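Good morning, colleagues. I would like to take a few minutes to go through the strand pairing and the confidence of the structure now being shown.

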Amino acid sequence: MKLITVALVCLLLAGMWLREADSRSMHVSSSNCCFTFVEKKISSQRIQCYKNTSSACSRSSLIIKLKGGRETCVLPTARWVKQSLKSKKPCLLK
């Protein structure tokens, strides 16, 4: 009986460890997700480049890098976003 109890505890701990390790690896991709979006038009002169959010995100959006290094999230369906990004290139991956 003791052997079965020890085996079950080991399995439970291993399952918890795997779940914890998996949630840490998902944190990297979720950090490239947007949860709030700028709706007000940003001047295209202030926009340096853009990148898509991770496909693991719950909502498809763009991260716009502004001159000065600041990043902000926008919805790709907004008319001003489509117009502003016609002349911009995607950000280079680092």
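Strand S1, residues 47–52, is joined to strand S2 by five bridges, and the two run antiparallel. Strands here are DSSP runs of E, at least two residues long, numbered from the N terminus, and two strands pair if DSSP finds at least two bridges between them. Within this pairing, Tyr 50 has Ile 64 of S2 as its bridge partner.

Before I continue, please note that this is a predicted model, in which local features need pLDDT of at least 70 and side-chain atom pairs count only at pLDDT 80 or more, while totals for chains, interfaces and linings use all residues. Residues are numbered from 1 along each chain as its sequence is written, and side-chain values use heavy atoms, with hydrogens and water left out.

S2 also pairs with S3, again in the antiparallel sense, over four bridges. Leu 62 has Val 74 of S3 as its bridge partner. Four residues lie between the strands of this hairpin, and Gly 68 takes a positive phi near 105°.

Beyond its neighbours within four places in sequence, Thr 72 is in contact with residues including Val 38, Ile 42 and Leu 66, contact meaning heavy atoms within 4.5 Å.

Finally, confidence: pLDDT, the predictor's confidence in each residue from 0 to 100, averages 77 over the chain. Over residues 12–30 pLDDT stays under 50.
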